[in-house]
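The entries follow in the order in which I looked them up.

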Amino acid sequence: MNLQKNIKKIAQDVLINESRAIENLTNFIDNQFEACVREIYSAKGRVVITGIGKSAIIANKIVATLNSTGTPSLFMHAADAIHGDLGMIQKDDIVICISKSGNTPEIKVLVPLLKRRGSKLVALVSNTNSYLAQQADFVLNATIAEEACPHNLAPTTSTTVHVAMGDALAVCLLELRNFTSSDFALYHPGGSLGKQLYLKVSDIYTHNQLPMVGPDTPIKDVILEISSKRLGCTSVVDGNKNLLGIITDGDLRRSLQKDIHLEKSKASDIMSRSPRKIEKDELAVKALHIMQENSITQLVAMDGDKIAGFVHLHDLLKEGIV
């Protein structure tokens with residue numbers, strides 16, 4: 001082991017090599033790429049992506065990206081395809097075959113079988129003169145100058161550009177489908193990302209008690225209401241539950257600092273008359289943004305002119321929104 005080698009320089013060279021290769025891909029986004037995207041968009045079937053070795057791993061990643069952005073896709077291992085998995089390909093499916101060389105034995109066996117079935121074939125290759133490229137209906141050119149490996153052997157830059165080309169393909173299809181954040185939420189219901197896209201304010205405030213006092217409520221009773229409901233605040237409402245303002249722990253502290261005689265005061269004397277509010281049907285992540293922008297920890301949830309509840313920062317933390 002040679003510990004004298006410049007590790008930082010080696011890493012930087014790898015990243016520069018791969019970034020330049022990705023940038024060079026822009027030269028290969030041509031009419032054939034556009035035609036391929038439109039063919040996939042208008043297809044009645046699915047996208048079947050195949051490959052072998054490292055290309056199979058890349059194929060799985062592209063399949064996952066396409067599925068999550070509205071293009072039904074599945075993975076078929078090139079070696080397994082010739083041992084029965086060809087049966088997963090349906091009449092109207094489009095097959096994308098990923099291969100750096102385009103000349104591997106498995107690919108040469110698989111391609112004629114795909115052509116015989118009448119499947120549209122897309123070649124994602126780094127060798128446009130290869131057998132695969134010559135047989136394909138569409139060629140996605142991912143040519144590279146060299147691998148980042150010093151021996152120009154280990155798949156590094158080639159696999160990186162294949163992933164990038166797959167991303168370009170997926171995003172083009174996403175745009176054509178007018179795929180929205182709401183659509184994205186349907187495919188990502190789990191985890192914090194999913195919750196940011198579908199969890200509403202009304203899904204959260206119902207778990208909290210609703211502290212509520214009238215404008216003439218003595219401050220002592222205001223404090224008891226805040227303490228009993230454990231949200232650090234209370235709403236101040238009229239007889240029809242229309243919101244007049246809120247009182248927070250901070251409002252109480254500031255009143256003490258101003259030497260206001262709390263024992264002689266009532267709720268309307270110290271309430272904040274223009275509290276930050278949010279409609280109950282808004283996304284919870286919007287509530288988080290309002291809290292962050294205004295440096296507050298609770299927000300009034302409204303149902304029109306009437307108060308519906310309170311959303312606290314702790315609620316959003318508990319849901320994993322933050």
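**Pocket lining**

I began with the lining of the largest pocket, to which helix H11 contributes the most, namely five residues. I note that the model is predicted.

I then listed the elements that supply two or more residues to this lining: strand E8 (243–248), helix H11 (249–257) and strand E10 (298–303).

I looked up the volume of the largest pocket and found about 350 Å³. Its lining comprises 20 residues, and those closest to the centre are Ile-246, Thr-248, Ile-296, Thr-297 and Gln-298.

**Helix contact**

I turned next to helix H1 (residues 7–25) and helix H7 (residues 157–176), which pack with their axes 9 Å apart and at an angle of about 40°. An angle from 35 to 65 degrees falls between roughly parallel and roughly perpendicular, and H1 and H7 are therefore oblique to each other.

I recorded the handedness of the crossing of H1 and H7 as right-handed.

I asked which residues of H1 and H7 make the contact. From H1, they are Asn-17, Glu-18, Ala-21, Ile-22 and Leu-25. From H7, they are Thr-157, Thr-160, Val-161, Ala-164 and Met-165.

Conventions
Residues are numbered from 1 along each chain as its sequence is written. This is a predicted model: local features need pLDDT of at least 70, side-chain atom pairs count only at pLDDT 80 or more; totals for chains, interfaces and linings use all residues. Side-chain values use heavy atoms; hydrogens and water are left out. Axes are lines fitted to C-alpha atoms, for helices over the stretch in contact, and angles run from 0 to 180 degrees between N-to-C directions. Helices (H or I, at least four residues) and strands (E, at least two) are DSSP runs, numbered from the N terminus. Angles under 35 degrees count as roughly parallel, over 145 as roughly antiparallel, 65 to 115 as roughly perpendicular and the rest as oblique. A crossing is left-handed if the near helix is turned anticlockwise from the far one by less than a right angle, and right-handed if clockwise. Contact means heavy atoms within 4.5 Å. On a 1 Å grid over the protein atoms alone, a cavity is a set of points where a 1.4 Å probe fits but cannot get out, and a pocket is an open set with protein on both sides within 12 Å along at least five of seven lines; lining residues have an atom within 4 Å of a point. Grid points are joined across faces, edges and corners, and a volume is the space filled by probe spheres set on the points.
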